[in-house]
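Visitor: I have a structure to look at and some terms to sort out. Could you take me through them?

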Amino acid sequence: MNLSIPDLIVEADRCVACGLCLPHCPTYRKTGSEADSPRGRIQLMRAVAQEIIPNNTRFRQHIDLCLSCRSCESACPNNVAYGALVDSTRALLVPKKSLSLSLAKPFIRYRKWMNGLIRLLRLLQPLAYSPWLSYLIPAAKLLPKLNKPVRWQALYPATASKQGEVSLFLGCASQALDSATLAAGIHVLNALGFAVHVPPQQTCCGSIARQMGDVAESQALLARNRSSFASDLPILTVASGCGAGLADYLPSHQVQDISAFLMGCDWSQVTIKPLPQRIFVQDPCSLKHGQKSHAAVHALLKKIPQAEVLPLPGNGQCCGGAGAYMLTQADMAKQLLNDKLEAIKTSQAALLATSNIGCSLHLASGLAAQKIPVKLMHPVQMIATQLGWTGHEDK
Ligand code: SF4
Ligand code: SF4
């Protein structure tokens, strides 16, 4: 939700400064600074909106350091809409003229551009592991092994007695870097009797542009999605970051995380193979505080016979991925990532589930850097595998 300046001031006034959100704020826990807490940021936003203090670099640094994790929003007894406050502040008071976002726009907006980039990176990725050439493209090492871009069909018919129809949201990062999860999601939905529509004109959810303060770009992307998806079918997302952004800004469409949707389905047509293993679950903030449907992931995985499903210790804290945050605020992102890696090592996790591509990429880079042998998967990939799905075809 985007607020006007007067509405932003009214919403900020609803904060009674009780401080109950402070222990839930990852940046406040790290810096100990009131200005890096939700309460402090709300005071700063209001004071800048009222032109009581200057809109200067220090103000923007405190806003930039916010992860938009919305942990504070869940903790607030007064239901202050912190997510709307920080989104609106970034749009109205922290305008970005980011060169990197301008350069990235066509890749985010058009699948053809993104797929061209992925094809190029697929060629370059092996060089990143060469001792002589790795310095040329160090970022390529942070990416998962890239699959050839998929040509998605407009419709994947149900393979069991039909229960209904749904639309699938691809997402710019998911379709480029995690097409296996999308293919796994289609497999599970088809097996349960759902025909899956994949509208070809769909585009990025707009969350990264919004986080970067480019409200015009995020609205243009939302408008394109609004006209691409049928409003009478549920839109299912596999990346909770996209899901939270779409659900907040496309209220006329029924946007649902795929795990929450699957929990409401009839499973009598399928048999799930047992998996006698512990599965740790990392709750993405966008699923926990945005879509508020993280419990569905735990419940879904508990459908796997013999699996022991456990929350990853420290699940209340953001991993630091947070969209583009892992790139724009690398120091804080790394501190938060290290906390997760410690939790993974202490719990001796071997199998970890997460429902957001941003968390997945961030965690995977840390696991690879520290050589921690953990298999990281989307929960729907785990379910699909136990239903006999043999993996993503890399044509
Ligand atoms: S959104 Fe997260 S990082 Fe930002 S103020 Fe709230 S708890 Fe802190
Ligand atoms: S918990 Fe809510 S009302 Fe209390 S300080 Fe935080 S944002 Fe303000």
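Visitor: What makes the shell around ligand 2 nonpolar, polar or charged in its parts?
Guide: This is a predicted model. The shell divides into eight nonpolar residues, one polar and one charged. Cys, Val, Ala, Ile and Pro count as nonpolar, Arg as charged and Gly as polar. The surrounding residues are C15, V16, A17, C18, G19, C21, R39, I42, C76 and P77.

Visitor: What is the space taken by ligand 2 called?
Guide: That space is the largest cavity. The word cavity is used because a 1.4 Å probe fits there but cannot get out.

Visitor: Which residues come nearest to ligand 1?
Guide: C25, R41, C66, C69 and C72, out of 13 residues around ligand 1. That shell has eight nonpolar, three polar and two charged residues. R41 counts as charged, because Arg is in that class.

Visitor: Which helices supply at least two residues each to the shell around ligand 1?
Guide: Helix 2 (26-31), helix 3 (38-49) and helix 5 (71-75).

Visitor: Why is strand 6 called mostly covered?
Guide: Strand 6 spans residues 278-282, and four of its five residues are buried. Buried means under 20% relative accessible area.

Visitor: Which residues stand opposite each other?
Guide: F280 faces L310 in strand 7. I279 has V309 as its bridge partner, again in strand 7. Q282 stands opposite T354 in strand 8.

Visitor: What is the strand order in the open sheet of four strands?
Guide: The order is 7-6-8-9, with parallel pairing.

Visitor: Why are strand 7 and strand 9 called edge strands?
Guide: Strand 7 and strand 9 (375-377) each pair on one side only. Neighbouring strands of this sheet are turned by 30 degrees against each other on average, direction ignored.

Note on methods: Residues are numbered from 1 along each chain as its sequence is written. Chains are lettered from A and ligands numbered from 1 in the order in which they are written. This is a predicted model: local features need pLDDT of at least 70, side-chain atom pairs count only at pLDDT 80 or more; totals for chains, interfaces and linings use all residues. Side-chain values use heavy atoms; hydrogens and water are left out. A residue is near a molecule or strand if one of its heavy atoms lies within 4 Å of it. On a 1 Å grid over the protein atoms alone, a cavity is a set of points where a 1.4 Å probe fits but cannot get out, and a pocket is an open set with protein on both sides within 12 Å along at least five of seven lines; lining residues have an atom within 4 Å of a point. A molecule sits in a cavity or pocket if more than half of its atoms lie within 2 Å of its grid points. Buried means under 20% relative accessible area, exposed over 50%, partly exposed in between (1.4 Å probe, protein chains only). Two strands pair if DSSP finds at least two bridges between them. Axes are lines fitted to C-alpha atoms, for helices over the stretch in contact, and angles run from 0 to 180 degrees between N-to-C directions.
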